[in-house]
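Subject: Structure handover

Hello,

Here is the structure I promised to pass on. Please open it alongside this email.

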Number of protein chains: 4
Amino acid sequence: MADRLLSAVEADVRAATQAAQRLRQAYGFDDVALVPGSVTIDPDDVETSWQLGPYRLALPILAAAMDGVVSPRFAAALGRLGGLAVLNLEGLQTRYDDPEAVLAEIAQAPKEEATALLQKVYQAPIRAELIGRRLEEIRASGALAVGSVTPARAEQFAPLCVEAGAAAIVVQSTVTTARYRSRRGWQLDFARFCRQQPIPVIVGNTVTFAATLELMEAGASAILVGVGPGAACTSREVLGIGVPQITATMDCAAARDTYYERSGRYVPIITDGGMRTGGDICKAFAAGADAVMIGSPFAQCAEAPGQGNHWGMATPHGALPRGTRIKVGVTTTLERLLFGPTSRTDGTENLIGALRTCMGVCGAETIRDMHCVEIVLAPAIKTEGKRWQLAGAL
Amino acid sequence: MADRLLSAVEADVRAATQAAQRLRQAYGFDDVALVPGSVTIDPDDVETSWQLGPYRLALPILAAAMDGVVSPRFAAALGRLGGLAVLNLEGLQTRYDDPEAVLAEIAQAPKEEATALLQKVYQAPIRAELIGRRLEEIRASGALAVGSVTPARAEQFAPLCVEAGAAAIVVQSTVTTARYRSRRGWQLDFARFCRQQPIPVIVGNTVTFAATLELMEAGASAILVGVGPGAACTSREVLGIGVPQITATMDCAAARDTYYERSGRYVPIITDGGMRTGGDICKAFAAGADAVMIGSPFAQCAEAPGQGNHWGMATPHGALPRGTRIKVGVTTTLERLLFGPTSRTDGTENLIGALRTCMGVCGAETIRDMHCVEIVLAPAIKTEGKRWQLAGAL
Amino acid sequence: MADRLLSAVEADVRAATQAAQRLRQAYGFDDVALVPGSVTIDPDDVETSWQLGPYRLALPILAAAMDGVVSPRFAAALGRLGGLAVLNLEGLQTRYDDPEAVLAEIAQAPKEEATALLQKVYQAPIRAELIGRRLEEIRASGALAVGSVTPARAEQFAPLCVEAGAAAIVVQSTVTTARYRSRRGWQLDFARFCRQQPIPVIVGNTVTFAATLELMEAGASAILVGVGPGAACTSREVLGIGVPQITATMDCAAARDTYYERSGRYVPIITDGGMRTGGDICKAFAAGADAVMIGSPFAQCAEAPGQGNHWGMATPHGALPRGTRIKVGVTTTLERLLFGPTSRTDGTENLIGALRTCMGVCGAETIRDMHCVEIVLAPAIKTEGKRWQLAGAL
Amino acid sequence: MADRLLSAVEADVRAATQAAQRLRQAYGFDDVALVPGSVTIDPDDVETSWQLGPYRLALPILAAAMDGVVSPRFAAALGRLGGLAVLNLEGLQTRYDDPEAVLAEIAQAPKEEATALLQKVYQAPIRAELIGRRLEEIRASGALAVGSVTPARAEQFAPLCVEAGAAAIVVQSTVTTARYRSRRGWQLDFARFCRQQPIPVIVGNTVTFAATLELMEAGASAILVGVGPGAACTSREVLGIGVPQITATMDCAAARDTYYERSGRYVPIITDGGMRTGGDICKAFAAGADAVMIGSPFAQCAEAPGQGNHWGMATPHGALPRGTRIKVGVTTTLERLLFGPTSRTDGTENLIGALRTCMGVCGAETIRDMHCVEIVLAPAIKTEGKRWQLAGAL
């Protein structure tokens, strides 16, 4: 036995060393909790604004560029409240003169036909003239107009955005890097692209220190953070790819800080996806986010174009669809979602109220103070009842 | 691939180092178990008393200042048995001449109207004269009279407590620190406040070493430990904030020991919230608690004013309520809860009997000996059956 | 923020260091798996026997001293097959002339009356003359007669066991240490007791290195390992006490090896409780067990006196009962349980066949070779289906 | 208390040190996720082929040698698509002239009779002449003919395979080592066996560095990796044995790399078992696999002989069966399983499409580039709904 054990231990040490180099633990929203500070602040005194290029935005919350979430009308409403909506420029709004009709059709389709219908309606071509028209509809409301395009179409559509008076442009795909290789020859030169735009370019998504740093060096004005964030995420099941959001945000925030030390330019990072409650959002800021982008909570608002339905841009993919149409229901309004009042006790309404209270309890006067809040690993179990938990008086 | 991998590893090391500084693992009751000692003691010989200022209390268990738990009558009953009840001085007892009527109304309200009703009944003003009256009702029974106030009203109500012969005063909010900042100018100077009171001041809640140390330095006579303790706690969902109780208790106990070394004054810490069974309570003491404060188990006693209902002080909050009215049922009496006998085998009755047996098995003669008991990480799974587990003869 | 963060980090480091000294991770059967060896052995060639004092026993499996498991008749049957049964000398067999009648009454009692009935029937006094009679019934069958007593009655009953020709005596309580303190003056001097007995003394239960070492130094011939082993164990819920069995076994095995180095006397350790399948048993041996003691699997045999019912000695406790009567059903026979054949694929039959196969695959010729098998942390999820897992051909 | 605590700590340190040497954490597919690269590649440009001895195979996917999965007809179909099927040479195909009839009988048997029927039909003797006949049926289709035998029959059946023009031979049992000891005298000398075969010998299964290295040194041309991979695996429940596949693959890949450094010969490792989705397969390659072997997903294809049924070779074992017949259903075709298109969003179709997309996102041009992809620990929770996760546009 002895020599066998010895060689087994030798092998283990070798293997364990190798493994340790690669198998880092990653954490998501449900794995952590925030620790109150030694100083507490009146929630009325905290400051939630953030900076995107030349713009100071009152609320650090963006609406995701998804067709069930953002329409020009929704963007106007969110803008009025201090937030920022991103319109999907390769979706239904730029394929149809009357997207409302298509949205209604999607909303009414039976569950089993939803994916097929989505595949069909997204086969209509994108019409360049509608890009400008939709952005102008947003501008007309007084809100900042921001649209999103994929890297493949960024060079084609960016001029149309600028022409329409867009405040910024989002270049987004599941995973975007500063370096893309294809034998078909095409590749977007991000550095050149960012240099050419007279408006801020927001790029994403990414989850790593290295890729974030490269995109910042290429000139991005903000970075979207998030790839397959959730434990039950389809990117994880289908591709095996994904990084839980707390770790992704911390890593990308480290790149932001490194880049800021090197260059003096502070490029905000926007945690995108996986947040459902005020608690999740507060945790994203503690992990280092300058702003957050959410989809589903907005999709549940009366103002959302999806009429209680929600789907991703990978859903209509012909050969390898990921995600599906989800009935989230119309359960709130934009105003109640952001500012309450609410009678719900699960954190799904009054997101800004929750953020302000959290900042007060943690002694953070600004969003950047939130980056210093202590985080502990404290798994949340989403179980009903069993243990009664009552919050004390505040 | 090689340079890519290298820079990825470099980035990881950087990020992992940063993360390690912040992401400490925290533990709750269900994560740990106690290890028997090398000496065992006759349970009849252990000593469960603890010291609060000038008072020696027989049982290290307090009843939480919640309206469904403590009324003057309940305080009297618990005092007779050796425990200590804290009356909420900003709740129904000080807003209504006849709180029983309001309590009955709450108990009878349908589930869907409960939160709205709570919001309504808590809008009645607090009447200063009722503070003294309720505390005197408790004193009349021979029990120690202790009431709780929020920091904002501490200076206003403390004199009334002293005048009414209170044994101690509790200043409590979800998170209380020695330093609170508000542009509106107000702030409670804890050091001055504690100096001014002729009776012990119990302050809470807190969960960190630093905040506990500051509150002890400010003159607190005892500290309440516990913020968002549970994995399913509403503070966690709504605000993202919370520290599991074993870790919170260990950290605050370390502050107590540090402060004791520095000052020679021993300030007890009281673990507040999240305990449901005798096992949970035993674990709190092993983690360093000098006493524990519980709510739900008392709310289930026939003597409790809630008539089987339980709610927290954050429930009636207008804009961001946390927690709700919970039907816990009337399932036991104070005496059976504390001393048995019981036919239940889930640890929810005979809490003191369980504590004494645990102390005997762990070889701890006193509560402070319990602080030295070895704790292991041994997750409890609250599943039914599957594995039959039978305790041996003791 | 800066100084606040600094002091928070300082506090954390302090607290984390303290915590690390105490919060060791403990592991149970479901947390680990065994790793095949670099040599494999024909299962027909492995040797499963172990040594208890002067006796060589063919099978390293004992039946627990529980009234639903072991009667004289059961002990005879298990002895014939090579195992060892321990009779509870403070249970029904020594309180009643006709224990079968009482056992039948327990088996037929409705669920809600079971605990009360158990409390009642255990109030009959222990009759000294029945101790000898039962042990002689076992001896008459040719099997080794072994009975168990509690420490409090060890000195009184041990002579009766010796007189009746017992092969060994078990002194067992939930937690047994070499040092017990009581103001009532009584304490069993284990060293003197062991010296006085002409037969091996098996002592338990314990879970720590230190307590095991002391009991071995006091002269124990074997140690029973296991206190509150299971995640859902009643000792854990009621008292907070318990150590998962893999860790308990490893710690006590380390004490055995240390004692063997010091003294030259090899004292076997017997892992007691928490095992349900062949896999669990194999893991116990890999963790360092020389033998295992099981209850529930035997309670399910046609030969068991409980007629498909099972309860622990803490169940009839008047003030703080732990555990209850459990209907385990009569699902197998002793022979099938130990040697198969079986058509079950969940590891609950053919325990010895499983052990032999495991030893072969791990390259262990003897039980003591099993102590060197590599163990990995590989949580078992007891879920149905979802992932199809098919074992390959052997 | 003090000395007790000290000796307890001493004991703990001792025990913890011992434990740390043995209790290494092992990881499975659901414990990890892949991290996108800093470079991304057009999925059309990645290269999925691998080398087995003299053969270059287009797809790195093998079908497991199980009777419900591979028949000569299935092998032909998979070969046409670029994959490789292994025929079980000790199963129904070599025991019956007309295996289809027996397969139909198994498919139609009621659930409760399935195991008994399997036990019966596998008692028919293996007929040597059928070995050649089945392999030739595969060859006739143009596909590579590969069959599997157990170590005990390897020397007897290998010449028949060679004679029939087999491309390779698989020698497989649950755990196979280069050293097997039996008092009955027999043992397969792997080094001599491999030397004697004119065709590649694939050996398995194994999970450790040491055993893999020995098998490579003995001359194996490829190694099958996987023993009791799943958390709910029957090998784990029955024998306690098993290593989760990510760790097993990493350890065996380390042995491959070590052997390659020493010898200059690159011996591919094939991760066998436990994969259900495209994500699982991608993770296996990231952990170090050169190819993967799957069973259940193929068993669900219309081309599979089991007609929607699946069972392992340990199922018919007389005394200690593991696994059972599972109704997996006929849910897809070979072509759709491998290449799509699909409307499923759970990763169970278009496995090669998923692999190519994953390689692109991770910046891996070849399978061996995949071995460098960063892996994080990010537990997947297979829950329905609760959190909506939508993949972004790609």
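Below is what was found, taken topic by topic.

Please keep in mind that this is a predicted model.

**Chain A overall**

Chain A has 15 helices and 17 strands. Of its 394 residues, 65% are buried. Look at the contacts in chain A with a separation of 6 or more: 64% of them come from residues 24 or more positions apart.

**The barrel in chain B**

Start with chain B if you want the strands. Eight of them form a closed barrel, with parallel pairing. The order is β6-β7-β8-β9-β11-β12-β13-β14. From one strand to the next, the twist averages 25°.

As background, strands of a sheet pair through backbone hydrogen bonds, either parallel or antiparallel.

Here are some of the pairings in chain B:

- β6 (residues 61-63) and β7 (residues 84-88) of chain B run parallel and are joined by 2 bridges. Ala63(B) stands opposite Ala85(B).
- β9 (residues 168-172) of chain B runs parallel to β11(B), with 4 bridges between them. Val171(B) has Val203(B) as its bridge partner.
- β11(B) also runs parallel to β12(B), again through 4 bridges. Thr206(B) is partnered there by Val225(B).

Is β11(B) enclosed or open to the outside? 6 of its 6 residues are buried, so β11(B) is largely enclosed by the rest of the structure.

A helix covers part of this region. Helix α10 (residues 245-263) of chain B lies across β11 (201-206), β12 (222-225) and β13 (269-272). Its angle to β13(B) is about 170°.

**Strand β14 in chain D**

In chain D, take a look at β14 (residues 291-294). Both of its faces are covered. Ala291(D) and Met293(D) are buried on one side. Val292(D) and Ile294(D) are buried on the other.

Which strands does β14(D) pair with? One is β6 (residues 61-63) of chain D, which runs parallel to β14(D) and is joined to it by 3 bridges. Another is β13 (residues 269-272) of chain D, also parallel and also with 3 bridges.

**Two helices packed in chain A**

Back in chain A, helix α5 (residues 128-140) crosses helix α6 (residues 151-163) at roughly 35°. Their axes come within 9 Å. The crossing of α5(A) and α6(A) is right-handed.

On the α5(A) side, the contact uses Ala128(A), Ile131(A), Gly132(A) and Leu135(A). They meet Phe157(A), Leu160(A), Cys161(A) and Glu163(A) of α6(A). By type, the residues of this contact are 6 nonpolar, 1 polar and 1 charged.

Helix α3 (residues 99-108) of chain C has buried residues at Pro99(C), Val102(C), Leu103(C) and Ile106(C). Why do the buried residues of α3(C) line one face of the helix? Seen down the axis of α3(C), they fall within an arc of 100°, so they line one face. An α-helix has 3.6 residues a turn, so residues three or four places apart point the same way.

The buried residues of α3(C) pack against α4 (114-121) and β15 (309-310) of chain C. On the other side of α3(C), Ala101(C), Glu105(C) and Gln108(C) are exposed.

**Backbone points to check by eye**

Two peptide bonds are cis:

- Gly340(A) to Pro341(A), with omega near -5°. Pro341(A) sits in the loop between α13 (334-339) and α14 (351-362) of chain A.
- Gly204(B) to Asn205(B), with omega near 5°. Asn205(B) is in strand β11 of chain B.

Two residues other than glycine have a positive phi:

- Asn350(B), with phi near 60°. Asn350(B) is in the loop between α13 (334-339) and α14 (351-362) of chain B.
- Gln307(D), with phi of about 50°. Gln307(D) is in the loop between α12 (296-299) and β15 (309-310) of chain D.

Are these two buried or partly exposed? Asn350(B) is buried, with 24 other C-beta atoms within 10 Å. Gln307(D) has 17 C-beta neighbours inside 10 Å, so Gln307(D) counts as partly exposed.

Best wishes

How values were computed:
Residues numbered from 1 in each chain as written. Chains lettered and ligands numbered in written order. Predicted model: local features only at pLDDT ≥ 70, side-chain atom pairs only at ≥ 80, totals over all residues. Pairing = 2+ DSSP bridges. Axes fitted to C-alpha atoms, helices over the stretch in contact; angles between N-to-C directions. Contact = placed C-beta atoms within 7 Å. Buried ≥ 20, exposed ≤ 12 C-beta atoms within 10 Å, placed from the backbone. Arc of directions from axis to C-beta. Left-handed = near helix turned anticlockwise from the far one by under 90°. Nonpolar A, V, L, I, M, F, W, Y, C, P; charged D, E, K, R; others polar.
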